[in-house]
Amino acid sequence: MKTVILIVDDEQNIREGLREALQIPAYTIITAENGLQAEEIVRSRAIDLVISDLKMPGMSGLELLKKIQTISPATFFIMMTAYGTVDSAVRAIKEGAYEYLTKPINLDQMELLIARALKGKALEAENIYLKKQLQKRYGLENLIGHSLVMERVFEIIRQISASNCTVLITGESGTGKELVARAIHQQSPRKNMPFIPIHCAALSPSLLESELFGHERGSFTGAVSQKKGKFEIADGGTVFLDEVGEIPLEMQVKLLRLLEMREFERVGGTKSVTVDIRLLAASNDDLEKLLRKKQLRKDLYYRLNVVRINLPTLRERREDIPLLVYTFIEEFSRVNRKKVTAINPRALQALQAYDWPGNVRELKNCMESMVVLSKNPVLGMEDLPPQISPAKSPSLRLPSDLSIKRMEKELIRGALIKSSGKKQKAAELLGISRRTLYRKMEEYGLK
Ligand SMILES: Nc1ncnc2c1ncn2[C@@H]1O[C@H](COP(=O)(O)OP(=O)(O)OP(=O)(O)O)[C@@H](O)[C@H]1O
Ligand SMILES: [Mg+2]
């Protein structure tokens with residue numbers, strides 16, 4: 001498909017000069033002698049790129065730019081300004097012009113800018129493609145992912161949603177445990193009934209008990225009336241017990257009875273209350289360790305651990321990062337009314353290489369700040385937070401001399417420093433034998 005370029009200038013010799021210069025088979029060149037004419041053309045046909053003068057009688061280049069942004073947001077815009085009016089050019093960029101050129105026009109520079117703008121356009125096209133992919137919805141409910149490990153998680157969720165079985169969801173902080181719990185509820189026949197999350201670590205033991213099971217009037221000072229607990233409120237729906245490892249031992253017995261009999265007593269009460277609930281539990285503690293330390297009852301653990309979903313960390317499924325990144329760009333652009341639409345490949349690569357100790361939550365927060373702070377429609381390396389920016393991370397910094405020998409020497413030196421001079425450890429780090437290490441140290445004159 002040909003690229004359609006619209007040249008707008010009130011001076012005929014500039015219009016024709018540019019038309020001549022850009023006369024290649026890949027381009028269709030159209031010209032307009034003022035803003036109004038240009039506007040009409042943009043309304044009537046698809047234009048990939050507009051190259052417009054800034055100062056024109058009638059509609060100025062800036063006004064034209066604003067019009068085009070509403071008529072055809074995907075059209076790229078290069079502003080031409082007379083030498084010495086860089087201020088207005090800067091304004092044009094702020095208004096969304098892609099680039100600016102100073103007159104007299106340097107043709108080489110112009111070709112470069114056109115190429116760059118068209119590359120930007122290709123990026124946009126790729127972005128639109130990715131968005132379409134997103135609409136196809138890789139994932140389940142609000143869970144995004146197309147890695148094998150996540151596919152397996154979705155599969156289990158689909159399999160168990162219809163049943164009433166208790167599910168124990170484990171995984172590092174920020175891996176999406178609560179989202180999984182909500183997805184299970186949403187996929188289940190209980191979806192129109194309440195989903196009640198309870199954060200067990202957030203409440204003191206006594207408050208937690210009354211929060212979960214409710215209390216009778218007068219059961220303790222301040223209990224002026226009967227109060228229903230979360231289990232009663234959730235009747236017919238799903239209860240999500242988050243940080244289940246934090247439930248005090250005494251209460252674990254009561255919880256176990258609830259799980260086995262679906263009945264309990266309110267605090268200070270004697271009458272049994274029966275409920276129909278499904279229980280989902282989550283923890284980022286090592287529950288097996290809590291078992292050994294006798295902070296978690298075995299019987300409760302086995303009752304909870306009927307089906308186990310262990311969520312993979314984000315670093316174990318880096319192939320999901322681009323999809324998540326684009327999802328979050330789209331989401332945060334929309335809610336913050338920003339025009340960020342894409343990220344350049346280098347920046348995306350850096351995000352994909354980072355280790356994400358805070359998992360998806362950390363990535364989500366990172367994308368929010370990048371989108372909110374960005375001045376450009378395409379996120380780049382300069383938008384990355386310092387801990388991710390590869391230039392600032394302590395990993396390999398590339399010197400100008402990139403010969404293998406030189407790199408090997410640096411690598412060995414680095415390993416020796418890291419292992420505090422212990423040769424066995426350095427050799428292990430490097431994945432070579434100690435003898436090879438000695439030989440190479442001698443070769444490179446390292447001590
Ligand atoms: N697969 C995913 N797709 C989209 N968003 C996700 C995904 N996983 C997590 N998130 C988002 O990341 C954030 C953290 O997720 P969530 O609260 O479910 O984590 P968690 O495992 O419960 O963490 P914690 O152990 O700290 O409570 C949420 O904003 C959630 O929407
Ligand atoms: Mg959580």
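Ligand 1 lies between domain 2 (164–310) and domain 3 (315–383), because both give residues to the shell around it; the domain bounds come from an automatic or database domain assignment. The model is predicted, so local features need pLDDT of at least 70 and side-chain atom pairs count only at pLDDT 80 or more, while totals for chains, interfaces and linings use all residues. Residues are numbered from 1 along each chain as its sequence is written, and chains are lettered from A and ligands numbered from 1 in the order in which they are written.

In total, 16 residues surround ligand 1, the closest being Ser173, Gly176, Lys177, Glu178 and Val360; a residue is near a molecule if its C-beta atom, placed from the backbone, lies within 6 Å of it. The elements below each supply at least two residues of this shell. Helices (H or I, at least four residues) and strands (E, at least two) are DSSP runs, numbered from the N terminus.

| Element | Residues |
|---|---|
| Strand 7 | 143–144 |
| Helix 7 | 177–186 |
| Helix 15 | 359–373 |

In helix 2 (residues 35–44), Gly35, Ala38 and Val42 are buried. A residue is buried if 20 or more other C-beta atoms lie within 10 Å of its own, exposed if 12 or fewer, and partly exposed in between, with C-beta atoms placed from the backbone. The buried residues of helix 2 line one face, because they fall within an arc of 60 degrees seen down its axis; the arc is that of the directions from the helix axis to the C-beta atoms. The face turned away carries the exposed residues Glu40, Arg43 and Ser44.
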